[in-house]
There are 2 protein chains.
Amino acid sequence: MSSQLNHFVVQNHLNCWSKMGQNSIVQPLLTDLYQITMAYAYWRSGKHEDRAVFDLFFRKNPFNGEFTIFAGLEECLKFLEKFRYSESDIEYIKQILPSHIEQEFYDYLSTLTAKDIKLYAVQEGTVVFPRVPLLRVEGPLIIAQLLETTLLTLVNYASLMATNAARYRMAAGKLKLYEFGLRRAQGPDGGLSASKYAYIGGFDGTSNVLAGKIFNIPVKGTHAHSYITSFNKFDEITHKELLPAGGGQPINFLELAIGFRMKLVSIFNVLLSEVSDGELAAFASFAIALPTNFMALVDTYDVKKSGLINFCATALALNELGYKALGIRLDSGDLAYLSCIARKYFQRVAQEYNIPYFGELLIMASNDINEETILSLNEQGHCIDSFGIGTHLVTCQKQPALGCVFKMVELNGEPRIKLSQDVQKVTIPGKKDVYRLYGESGAALIDLLQRSTEDAPADGRKVLCRHPFQESKRAFVIPSKVEKLLILQFDNGRISHCVETLQEVQQRVENSLRILRPDIKRTLNPTPYKVSVSDDLYHYLHTLWLANAPIGELS
Amino acid sequence: MSSQLNHFVVQNHLNCWSKMGQNSIVQPLLTDLYQITMAYAYWRSGKHEDRAVFDLFFRKNPFNGEFTIFAGLEECLKFLEKFRYSESDIEYIKQILPSHIEQEFYDYLSTLTAKDIKLYAVQEGTVVFPRVPLLRVEGPLIIAQLLETTLLTLVNYASLMATNAARYRMAAGKLKLYEFGLRRAQGPDGGLSASKYAYIGGFDGTSNVLAGKIFNIPVKGTHAHSYITSFNKFDEITHKELLPAGGGQPINFLELAIGFRMKLVSIFNVLLSEVSDGELAAFASFAIALPTNFMALVDTYDVKKSGLINFCATALALNELGYKALGIRLDSGDLAYLSCIARKYFQRVAQEYNIPYFGELLIMASNDINEETILSLNEQGHCIDSFGIGTHLVTCQKQPALGCVFKMVELNGEPRIKLSQDVQKVTIPGKKDVYRLYGESGAALIDLLQRSTEDAPADGRKVLCRHPFQESKRAFVIPSKVEKLLILQFDNGRISHCVETLQEVQQRVENSLRILRPDIKRTLNPTPYKVSVSDDLYHYLHTLWLANAPIGELS
């Protein structure tokens, strides 16, 4: 069934993509008005076909960290491929621009596509750093400019989410992670994007069914408190029977579970009067409906006095009929403590009833969890196997936006530089390539920005890497391996590479983080990874800076 | 043209809605998987047609404030109206649920609609408070449960954004506010929703063109730094001429502006060598293209030494040809100081050249502004006329999620209560109505929750309002006016009221905030507004609480 499922989902994935593609809100009008007024002003000034180069990059890693996962590329490429104003778009633009604008401009706009754009980009899922161009957009000024806002929208949140997810993944180690954030996400698509990029960043699945359908992501879920509270007493279950897994006559499952509960009260030292009947009715009905998928929310009343014993009774009844329960979910309280209590209960039952798998039933936790909660749970010790994570993950509560910018670095072969009082905000001019230099151990040593006219650094050959702004900071590096980061992804109106599956991108994130030294990845006071410029680029930048420096001021 | 524009936009609005409606990602699969597994378990237990009542509400106002604006209703209603699983949805659900599930269940799902749901809701744009049901959903348990996640997604972010925007509006008073956040929003639809709900909350417009097209919101924009840096020198403008507004021969506009700049250097006491020629070329080209919409970004080089003088030169040249410049945008630096300098320059030119409107040219600020920035600018004094607000507004940085929940309060006429160690988390059981009681001054005094079986409070008649959990807190209130907050909005598969325009909803936000005492709205230590329960509901709640209290513990 798994291969059948896969086939179905992949087909479906494609159908959905093309369906969503046609009507997606990712379209040329999803932009700031000033891009369109600038487009007109460029056109009017006769500059629209000037050859421009723009870099898309960020200046600071998010979440007080020292790395970022680049994501959103696939959506950027699909946007470029489809870029075209519809008739109704042109009609709308006419209404919002001044009435004196020439029809000729609208005619021009209506034929405009991204076919003359070359897009170079880092591969999706790669770990990246401040000032490294993630995208380099080359082509006619007018169209390159018109792409700005949409590309930023597509890269900013995707990269922020993927980075956030990767941080949770590092904190959680081998534990399972599920994204449960749809209800608190920023809009329906905020939720959908969160599911996608959480998966890329290293999550195991999502609760979001539409994300599962569109992106072929595993979906997970149990039941809510309302399911439990919808049962008050035993006789609310109309169908009490369950067929044993191995076949035979239907058995009164509820009675079986009630019987096990009688035996368990003494083992667990609780009073039967404290244990909720409604909860057992709810568990039993759920197990009858989904005997192969029984995962129970145990904190509706009292985890220790009711939830765990009702769960164990139901799970033992399932076991009697040849089914294995999956485990429990904890959604409130002291998760470290309660998970260890639950594990102790499970091990006790495993021993009493000689059912080894019972000791290893899954314990999932899902109460307002963030990266710090996981780190703190690790420190205290806990028995949790998986986390369901919502609000903090999908809204990126610690830093809800990544500050990518889109800056012109060259026009008609002439460099462009944006100066600023703040050195961090000075742009590195000219068309550039980016290389990642690796050491003998396989770890990434440094990123090197060069002018595109320079020869690429070579394996085993000494290369001077300089701090872009501090003259004294420079070092010779002899790389064991050199990786070119910016790759041609879009040319002649077409996407140059096969679109990757999310699983492939997820794998790249994992590999990409593996080649990073641990001190760069740690949560507390991580070491910054170095992004350098070549000697040639250093002089190019500083000569231009000097030529553009204001007169009469110490710059 | 304005009425023509309106006509166009409204038509277009409708087209877009229906288009987006059909293919929107707001569809039944945009939910958590557990809703679907619960639906199956309800169906299997024969409980799916039990009659349920759910309340959607939040427990705490966002942003350390004491009020919230309810929004998202229109989208909820459209979702209900269209609710139906497609064939491909059913196929997908089959693949992710266990294989033993009966075909009969899928047949049932495929015919399921929301026609048996009654939705009562507060009107969109109303100010609301913790524990007040914003939506009351009544109907068959299975469908009410299946709506949960999507309704939460649609209400949570919409209400959070509208509230955030309303807070900016209160801080900014009469100044103009524009939403510029698309590039930093959480996904493309995060951006689109932000534009819509910022407008509802009191913004004057957005930079997001698609939001303008779909929602009929005014769109605004100038140009970016890249436009300025794309010009290095005068001869990069190929078309230097502009026709005077009143007709006649085209005039060399660039020369005219250069001439004015020569005169201005002495007035403003700057050196011509400090003023950027590229910037003037950019301004002039933009003015030639859009002479009726000239708004200039003046901080690319140096506001005081270059941007302002180049702007004034261009604006004077426009004035000479019969056009009026609009103003400037400041995107960096000390906004209070620079705006006052700019105002001083403008007034000086107004006087020197006897052009009164020059003294009142618009000054817009747009650098990383949040609610606190505006309050602090108010305190210092400034000369800003309008703000362009991005990241902080659209991501709701101060609190990126509102915690609405969806709780079952009644099943088959029996109340349901969710108990918790934390009194804040105890739900108020049963089907309820909500009344807002007004005092003589017209200010809202208190909200009153009653059992739906009780008579509505009446104008001028004494009513006992109790704190839901503290026995000693109670008071008699004699309302001058009573407003019923929960209104039937969806019944028999149809939306019961005409869909309102965003302008109408925006107006309701304004009116709704006006009836709130100022101390409830202030930023620092606001007074909580009281939400009370009737005496009947108080006893109903506490009797149930007692009946459900755990034995052997002090509850």
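Guide: Copies are superposed here by least squares on the C-alpha atoms of residues with pLDDT of at least 70 in both. The model is a predicted one, in which local features need pLDDT of at least 70 and side-chain atom pairs count only at pLDDT 80 or more, while totals for chains, interfaces and linings use all residues, and side-chain values rest on heavy atoms, without hydrogens and water. Residues are numbered from 1 along each chain as its sequence is written, with chains lettered from A and ligands numbered from 1 in the order in which they are written.

Visitor: What relation does the rotation that superposes chain B on chain A represent?

Guide: Chain B is brought onto chain A by a rotation of 180° with 0.0 Å of shift along its axis, at an RMSD of 0.0 Å. That is the relation of a two-fold axis.

Visitor: What percentage of the interface residues of chain B are also interface residues in chain A?

Guide: Contact is taken as heavy atoms within 4.5 Å. The copies meet through the same surface, because the share of chain B interface residues that are also interface residues in chain A is 100%.

Visitor: In E11(A), which residue is the bridge partner of A:Met295?

Guide: Strand E10(A) runs parallel to E11 (residues 327-330) of chain A, and 3 bridges join them. Within E11(A), the residue bridged to A:Met295 is A:Gly327.

Visitor: Is B:Glu138 buried or exposed?

Guide: The side chains of B:Arg51 and B:Glu138 meet in a salt bridge at 3.9 Å, N to O, the term meaning a side-chain nitrogen of Lys or Arg within 4 Å of a carboxyl oxygen of Asp or Glu. B:Arg51 lies in strand E1 (residues 51-57) of chain B and B:Glu138 in strand E5 (residues 135-140) of chain B, so the pair ties together parts that are 87 residues apart in sequence. Buried means under 20% relative accessible area, exposed over 50% and partly exposed in between (1.4 Å probe, protein chains only). B:Arg51 counts as partly exposed at 41%, whereas B:Glu138, at 3% relative accessibility, counts as buried.

Key: Pairing = 2+ DSSP bridges. Helix = DSSP H or I, 4+ residues; strand = E, 2+ residues; numbered from the N terminus.
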